[in-house]
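Open your viewer and let's take a short walk through this model together. Keep the selection tool at hand.

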Amino acid sequence: MTLANQNSAAAATERPMVQAVEVRKAFGGNQVLRGITMNVQPGTVTALIGPSGSGKSTFLRCINDLETFDSGDILVNGERVAYRREGTKAYELKPRIVAKRRAKIGMVFQGFNLFGHLTVLENIVIAPVQVLKQDKKIVEARAMELLRKVGLADKSGAYPDSLSGGQQQRVAIARALAMEPDLILFDEPTSALDPETVGEVLEVMRTLAREGMTMIVVTHEIGFAREVCDQVAFLEDGVIQEMGPPEQVLDNPTHERTQRFLSRVI
C-alpha cells in the first residue's frame, strides 16, 4: 500500500475536515473561483494542481479566511471560521472567535514569512504564547522538539537571514506545527527554493503525512503528489476540471485540459 492510501479507508467514514460547497470569488470583474466544491477527509493529503492563475492559492486562502469569498460555504472540522449562518443569511463572528478558530489551521507560505528580527526559536514560540496564551517555557520545550523533528535543533538561536531557503521553510513548518493545528495549508511551499533544498522540505511533509496530519498542498511537485497525496484536484479558470486519487488524475486523466497540463510539467 502506498503512503497516499494508508489513511484513506479509515478517513472515508469520518466527517470531512474541510467541506467546501460552491465557493465563488471575484476580484472586480475577474471571476477567480467559479463554484469550488470539495471534501477533504481527516488524516489525508490533497494536492491542488493547475496553471498559474487557476484559483488554487485563492481557494486555499479562503479556507482559513485570509481571503473572504463571495458565496458558497466552507466548514473546517464542522465549523465556519469567520461567520455563522441563520437560514440564508451570514453574520460575521467576533475577531477573538475568528482568531481562535483560525489558530487550528496552520499555513505555510511560499515566501516563509518569518520575522527577521527574531531567532528561529522565537519565531516558533511567539504565536502560541501571544495568541494561545500558553506558558512560554512549555512552548519553548515543544518548539525544540519540533526543531529536532525538522532537523534544525542546532539552529534555534540563528536568525532567518543566516539560513538557506530550505531551512527557513522547515522553520515555517515547525512554526505552523507549534499551534497544534488540525489542518495545515501549504501554498507552493517549494516554489521559491533552490532545487537542492526542495527535497529536505518535501521529506518533512512526507513525515507529517505518515503521522496523519491533514494537509492541502498547492504544488507543482507532481512526483510528491503521486507518492504522498490521497486525492489530486486539477483547477483551471476557477473550476475543478478533474479530481480523484493520484493514479487516476495523474496517470490516467480523462479531461483533455488535464492531459495537456501534465504533458508539460511531467
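Contact here means heavy atoms within 4.5 Å. Bear in mind throughout that this is a predicted model.

With that definition, select Ala174, which lies in helix α6, residues 165-178. Leaving aside residues up to four places away in sequence, Ala174 touches Ile124, Leu146 and Val150. Is Ala174 buried or exposed? Ala174 is buried, because its relative accessible area is 0% and buried means under 20%.

Three strands make up an open sheet, ordered β2-β1-β4, with antiparallel pairing. Color β2 (30-40) and β4 (71-76): these stand at the edges with a single partner strand each, so one side of each has no neighbour in the sheet. From one strand to the next, the twist averages 25°.

Zoom in on β1, residues 18-27, which pairs with β2 in the antiparallel sense over eight bridges.

Last stop: the cysteines. Select Cys62, which is buried at a relative accessible area of 2%, and then Cys229, also buried, at 0%. How many disulfides does the structure hold? The count is zero.

Technical notes: Residues numbered from 1 in each chain as written. Predicted model: local features only at pLDDT ≥ 70, side-chain atom pairs only at ≥ 80, totals over all residues. Heavy atoms only, no water. Disulfide = S-S within 2.5 Å. Buried < 20%, exposed > 50% of the residue type's maximum accessible area, 1.4 Å probe, protein only. Pairing = 2+ DSSP bridges. Helix = DSSP H or I, 4+ residues; strand = E, 2+ residues; numbered from the N terminus. Axes fitted to C-alpha atoms, helices over the stretch in contact; angles between N-to-C directions.
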